[in-house]
Amino acid sequence: MKSVVLLDGGMGQELIARSVNPAHPLWSAKVMMDEPEIVCEIHQDYLRAGATVLTLNTYSATPERLARDGFADSFKTLQKRAIELAKQAIEQTRADAAIAGCLSPLFASYRPDVAPPYPEMLDLYRQIVAEQAESVDLFLCETLASVAEIRAATTAAVESGKSVWVAMTLNDGTAAPELRSGEPFADGISAAVENGAAAVLGNCSWPESISAGFDDLSASQIFWGAYANGFTSINPMQPGGTVDELAARDDLNPESYCDWAMTAIEHGASIIGGCCEVGPAHIAAIASRFQANGYQVTKDLHA
């Protein structure tokens, strides 16, 4: 019986769909300030859909992003609130699920060119790890777009002693799989493995782009996985922009996304989930397909 981990899906687009307020540059973090109950509801929906790992809603609550938008003093408060909301969702649903700490791009998604130098990145990631480490089961470094980001986030997370999963975002439509920085995907995977990652993943890219990197992921010889987004393009998104600027594809309904996820499993993936525009219905479809195929859905890569 094959064991698979089922991550949750995207948070940001679900928040936009459910919030009564307009999108904000801090999007998911701002909702925790104004409508925290929505964050808990989405966590619960993913757990009920079958997810076995919840990722903290701290993607945009990095020191740099908060300072940029005038909320520097809210860093520790938002980290604590995200932990509380994830724990509350698990308690209320009585789900057997793990909590993943979140190490995201520090300044802007998809734009490694605006990231700070490596020593500064490492220091900032260590600050985030210090706030999350006691309350999480593992760390998910996600949507990382350059080798330097991968090295810094992985190093800081591994220092916690927790298992570290490193997810990288790829350029869409290129002939060979590459990070958003233009560096080879294989180099990003190597950086993660060399710095202690327990698993490597492709994420927040077209499913087709991640599929092109399946061979590189398999060659890592450690656990690997995938969770794609459903955007038509990430090009309109600029630092400080809002995610409602991005359009959703109309061909990635739950069943078609599930078909792609099963292809990843057939290629050797052990971790599957969803990113932006992949919601609870998509995760429920994957959970149902896993059950139909006799897979053991677990929160532990070693189960």
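Colleague: What do the buried residues of H3 pack against?

Modeller: In this predicted model, the buried residues of H3 pack against helix H1 (12–18), helix H2 (27–34), strand E2 (53–55), helix H5 (75–93) and H12.

Colleague: And which residues of H3 are buried?

Modeller: Ile 38, Val 39, Cys 40, Ile 42, His 43, Gln 44, Tyr 46, Leu 47 and Ala 49 are buried in H3.

Colleague: How far does H3 reach from its first C-alpha to its last?

Modeller: H3 covers residues 36–49, which is 14 residues, and it reaches 20 Å. That is close to the 20 Å expected at 1.5 Å a residue.

Colleague: What comes just after H3?

Modeller: Gly 50 does, and it takes a positive phi of about 120 degrees. Gly 50 also turns up among the residues that Leu 6 touches.

Colleague: OK, tell me about Leu 6, then. Where is it found, and is it buried or exposed?

Modeller: Leu 6 is found in strand E1. Its relative accessible area is 0%, so Leu 6 is buried.

Colleague: What else does Leu 6 touch?

Modeller: Not counting residues up to four places away in sequence, Leu 6 touches Gly 50, Ala 51, Thr 52, Val 53, Ile 272, Ile 283, Ile 286, Ala 287, Phe 290, Val 297 and Thr 298.

Colleague: Back to H2 for a moment. How many of its residues are buried?

Modeller: Six of the eight are, so H2 is largely enclosed by the rest of the structure. The buried ones are Trp 27, Ser 28, Ala 29, Lys 30, Val 31 and Met 32.

Colleague: New topic: H11. What span should it have, and what does the model give?

Modeller: H11 runs over residues 254–266, and at 1.5 Å a residue its 13 residues should span 18 Å. The end C-alpha atoms of H11 are 18 Å apart, which agrees.

Colleague: What caps its N-terminal end?

Modeller: Asn 253 caps the N-terminal end of H11, with a side-chain oxygen 3.1 Å from the backbone nitrogen of Glu 255. Just after H11, Gly 268 takes a positive phi of about 120 degrees.

Colleague: Which residues of H11 are buried, and what covers them?

Modeller: The buried ones are Tyr 257, Cys 258, Trp 260, Ala 261, Met 262, Ala 264 and Ile 265. What covers them includes strand E1 (3–6), helix H9 (207–211), helix H10 (214–219), strand E7 (223–227), strand E8 (271–272) and helix H12 (280–292).

Colleague: Which residues have a positive phi although they are not glycines?

Modeller: Gln 221 is one of them, with a phi of about 65 degrees, and Glu 277 has a phi of about 75 degrees.

Colleague: Where are they, and how exposed is each?

Modeller: Gln 221 is in the loop between H10 and E7, and its relative accessible area of 74% makes it exposed. Glu 277 sits in the loop between E8 and H12, and at 29% relative accessibility Glu 277 counts as partly exposed.

Colleague: What about Ser 205?

Modeller: Ser 205 lies in the loop between strand E6 (199–203) and H9. At 0% relative accessibility, Ser 205 counts as buried.

Colleague: What does its side chain reach?

Modeller: The side chain of Ser 205 reaches the backbone nitrogen of Leu 170 at 2.7 Å. A polar atom of that side chain also lies 2.9 Å from the backbone oxygen of Asn 203.

Colleague: And which residues is Ser 205 in contact with?

Modeller: Leaving aside neighbours within four places in sequence, they are Thr 169, Leu 170, Asp 172, Arg 180, Ile 210, Ala 228 and Asn 229.

Colleague: Last one: how much space lies in the largest pocket, and which residues are closest to its centre?

Modeller: About 170 Å³ of space lies in the largest pocket. Ten residues line the largest pocket, and the closest to its centre are Asn 171, Arg 180, Ser 233, Ile 234 and Asn 235. The lining divides into four nonpolar, three polar and three charged residues.

How values were computed. Residues are numbered from 1 along each chain as its sequence is written. This is a predicted model: local features need pLDDT of at least 70, side-chain atom pairs count only at pLDDT 80 or more; totals for chains, interfaces and linings use all residues. Side-chain values use heavy atoms; hydrogens and water are left out. Helices (H or I, at least four residues) and strands (E, at least two) are DSSP runs, numbered from the N terminus. The expected span of a helix is 1.5 Å times one less than its number of residues. Buried means under 20% relative accessible area, exposed over 50%, partly exposed in between (1.4 Å probe, protein chains only). Contact means heavy atoms within 4.5 Å. A polar contact is a pair of N or O atoms within 3.5 Å; within protein, one must be able to donate a hydrogen and the other to accept it, and residues adjacent in sequence count only if both atoms are side-chain atoms. On a 1 Å grid over the protein atoms alone, a cavity is a set of points where a 1.4 Å probe fits but cannot get out, and a pocket is an open set with protein on both sides within 12 Å along at least five of seven lines; lining residues have an atom within 4 Å of a point. Grid points are joined across faces, edges and corners, and a volume is the space filled by probe spheres set on the points. Ala, Val, Leu, Ile, Met, Phe, Trp, Tyr, Cys and Pro count as nonpolar, Asp, Glu, Lys and Arg as charged, and the others, Gly among them, as polar.
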